[in-house]
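Visitor: I have a new structure open beside me, and I would like to learn how to read it step by step. Could you walk me through its features?

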Amino acid sequence: MSNKVERMVKVLRQWQGLERDAMTATARITEKTDSSLIRMLMDIIRHDSHMHHRVQQYLIDSVTVESPTVTREDVVAIWDSIEEHDKVEKQTIKLAEGLKRDAWNPVHKLLLDYLLRDESKHDSLLEQLNEFKSDMNRASGA
């Protein structure tokens with residue numbers, strides 16, 4: 001393994017340990033509180049930490065087990081569904097923006113901001129996938 005790969009794997013494994021710690025900590029906090037808001041926030045963080053851990057493992061596997069591959073056929077087979085889903089993401093962003101703008105309760109504002117950021121993140125991931133698709137098409141001459 002090259003030094004770059006070794007360093008990447010080492011850092012990602014360290015990071016995974018921190019994510020596991022975060023999952024444990026948020027579970028403990030949830031057990032200690034009766035506040036539905038705090039419980040909700042800890043659940044959100046725990047879920048995100050779990051997903052981060054999975055992505056980090058995917059990155060580790062991509063340099064130690066098998067490099068990820070995506071063919072034009074893979075993308076073409078699902079692209080219409082991706083475009084439809086992107087429309088839904090954009091609709092949810094508009095809904096969240098409107099509700100956040102009209103919100104009067106600080107708890108509502110906090111949670112609507114979270115939802116808006118998360119939906120915006122999904123939209124951004126789909127935009128990046130579209131750029132990836134465009135790069136594949138340019139590289140293949142399509």
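Predicted model: local features only at pLDDT ≥ 70, side-chain atom pairs only at ≥ 80, totals over all residues.

Visitor: In which element does aspartate 123 lie, and which residues does it touch?

Guide: Aspartate 123 has its place in helix 4, and, leaving aside residues up to four places away in sequence, it touches Asp86, Lys90 and Ile93.

Visitor: With which residue does aspartate 123 form a salt bridge?

Guide: The general idea is that side chains of opposite charge can pair when their charged atoms come close. In this model aspartate 123 forms such a salt bridge with lysine 90, and the closest N and O atoms are 2.8 Å apart. Aspartate 123 belongs to helix 4 (residues 106-140) and lysine 90 to helix 3 (residues 72-102), so the pair ties together parts that are 33 residues apart in sequence. Lysine 90, at 35% relative accessibility, counts as partly exposed.

Visitor: Which other residue forms a salt bridge with lysine 90?

Guide: Glutamate 127 forms a salt bridge with lysine 90 as well, with the closest N and O atoms 3.9 Å apart. Glutamate 127 lies in helix 4 and lysine 90 in helix 3, so this pair ties together parts that are 37 residues apart in sequence. Glutamate 127 counts as partly exposed, at 38% relative accessibility.

Visitor: May we step back to the whole chain? How many helices and strands does it have?

Guide: The protein chain has four helices and zero strands, and its elements run α-α-α-α from the N terminus on. Its radius of gyration is 19 Å, well over the 14 Å that the globule rule gives for 142 residues, so the chain is more spread out than a compact globule. Along its principal axes, the C-alpha trace spans about 55 × 40 × 20 Å.

Visitor: What share of the residues is buried, and what does the surface consist of?

Guide: Buried residues make up 24% of the 142 residues in the protein chain. The accessible surface comes to about 10500 Å², and 57% of it belongs to carbon and sulfur atoms. Among contacts with a separation of 6 or more, residues 24 or more positions apart account for 70%.

Visitor: How should I read the length of helix 1, and which of its residues are buried?

Guide: At 1.5 Å a residue, the 30 residues of helix 1 (residues 3-32) should span 44 Å, and its end C-alpha atoms are 44 Å apart, which agrees. As for direction, an α-helix has 3.6 residues a turn, so residues three or four places apart point the same way. The buried residues of helix 1 include Val5, Val9, Leu12, Gln16 and Met23, and what covers the buried residues of this helix includes helix 2.

Visitor: Which residues make the nonpolar surface patch?

Guide: Met8, Val55, Leu59 and Val63 make a nonpolar surface patch of about 270 Å². Helix 2 (residues 36-64) gives the most to this patch, with three residues. Valine 55 lies in helix 2 and is partly exposed, with a relative accessible area of 47%.

Visitor: Is tryptophan 79 buried or exposed?

Guide: Tryptophan 79, which is found in helix 3, counts as buried at 8% relative accessibility. Leaving aside residues up to four places away in sequence, tryptophan 79 touches Leu129, Asn130 and Lys133. Tryptophan 79 and leucine 41 are 38 residues apart in sequence and, C-alpha to C-alpha, 34 Å apart in space.

Methods. Residues numbered from 1 in each chain as written. Heavy atoms only, no water. Patch = residues over 30% accessible without salt bridge, like charges linked within 9 Å, V, L, I, M, F, W, Y side chains within 5 Å. Areas by Shrake-Rupley, 256 points an atom, 1.4 Å probe, with all protein chains shown as cover. Salt bridge = Lys/Arg side-chain N within 4 Å of Asp/Glu carboxyl O. Helix = DSSP H or I, 4+ residues; strand = E, 2+ residues; numbered from the N terminus. Buried < 20%, exposed > 50% of the residue type's maximum accessible area, 1.4 Å probe, protein only. Rg over C-alpha atoms; globule rule 2.2 N^0.38 Å. Contact = heavy atoms within 4.5 Å. Expected span 1.5 Å × (residues − 1).
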